[in-house]
Amino acid sequence: DGKSVLPVRPSVKDYAWGIRGLDSRVARYALESGIIDEVDPDCPYAELWIGTHPKGPSTLSNGTALEEKCGSLPFLFKVLSA
């Protein structure tokens, strides 16, 4: 049927209130899932965004924009740094 499941790659946000370096679960997830290549110890990793928001659109593992595959989503799922 041509349908398959592809992992979604969230956008990483680096707001000043985020947790820095490897102390951030957002940074560790981004690193372990291949979203980023290395963790900057001085960078505040604040949020992961999963959705189609223009300031942080997600992509699929094949590089396709999530919005291209499923249209604009009426929500934005966020994972906050802890």
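Tutor: A residue counts as buried under 20% relative accessible area, as exposed over 50%, and as partly exposed in between. Keep that in mind for this structure, which is a predicted model.

Student: How does Lys 78 count by its relative accessibility?

Tutor: The relative accessibility of Lys 78 is 41%, which means that Lys 78 counts as partly exposed. Glu 47 has 6%, so Glu 47 counts as buried.

Student: What share of the chain is made up of buried residues?

Tutor: The chain has 82 residues, and 32% of them are buried. For the accessible surface, the figure is about 5500 Å², with 53% of that area belonging to carbon and sulfur atoms.

Student: How many helices and strands does the chain have?

Tutor: There are two helices and seven strands. To read their order, follow the sequence: the pattern is β-β-β-α-β-β-β-α-β.

Student: Which strands form the open sheet of three strands, and in what order?

Tutor: Strands pair when at least two bridges are found between them. Here the order in the open sheet is β2-β5-β7, and the pairing is antiparallel. Strands β2 and β7 (76-80) are the edge strands, as each pairs on one side only. On average, neighbouring strands of this sheet are turned by 25° against each other, with direction ignored.

Student: How many bridges join β2 to β5, and how many join β5 to β7?

Tutor: Three bridges join β2 to β5, the strand of residues 47-51, and five join β5 to β7. You can then look for single partners. Ser 11 stands opposite Trp 49 of β5, and Lys 13 has Glu 47 of β5 as its bridge partner. Towards β7, the bridge partner of Leu 48 is Val 79.

Student: Why is β5 largely enclosed?

Tutor: Apply the burial cut-off to each residue of the strand. In β5, four of the five residues are buried, so the rest of the structure largely encloses this strand. Look also at helix α1 (residues 25-32), which lies across β2, β5 and β7 and runs at about 55° to β5.

Student: Where is the salt bridge, and how far apart are its closest N and O atoms?

Tutor: The test is a side-chain nitrogen of Lys or Arg within 4 Å of a carboxyl oxygen of Asp or Glu. Lys 78 and Glu 47 form a salt bridge, with the closest N and O atoms 3.9 Å apart. Lys 78 belongs to strand β7 and Glu 47 to strand β5, so the pair ties together parts that are 31 residues apart in sequence. The structure holds one salt bridge.

Student: What share of the contacts comes from residues 24 or more positions apart?

Tutor: Count the contacts in the chain with a separation of 6 or more; residues 24 or more positions apart account for 61% of them.

Student: Which residues make the nonpolar surface patch?

Tutor: Tyr 15, Trp 17 and Leu 80 make a nonpolar surface patch of about 330 Å². To place one of these residues, go back to the strands: Trp 17 is in the loop between β2 (11-13) and β3 (19-20).

Student: What are the dimensions of the box that the C-alpha atoms fill?

Tutor: Taken along the principal axes, the box is roughly 45 × 25 × 15 Å.

Key: Residues are numbered from 1 along each chain as its sequence is written. This is a predicted model: local features need pLDDT of at least 70, side-chain atom pairs count only at pLDDT 80 or more; totals for chains, interfaces and linings use all residues. Side-chain values use heavy atoms; hydrogens and water are left out. Patches are made of residues with over 30% relative accessible area and no salt bridge: like charges are joined within 9 Å, nonpolar side chains (Val, Leu, Ile, Met, Phe, Trp, Tyr) within 5 Å. Accessible areas come from the Shrake-Rupley method with a 1.4 Å probe; for residues, only the protein chains shown count as cover. Axes are lines fitted to C-alpha atoms, for helices over the stretch in contact, and angles run from 0 to 180 degrees between N-to-C directions. Contact means heavy atoms within 4.5 Å. Buried means under 20% relative accessible area, exposed over 50%, partly exposed in between (1.4 Å probe, protein chains only).
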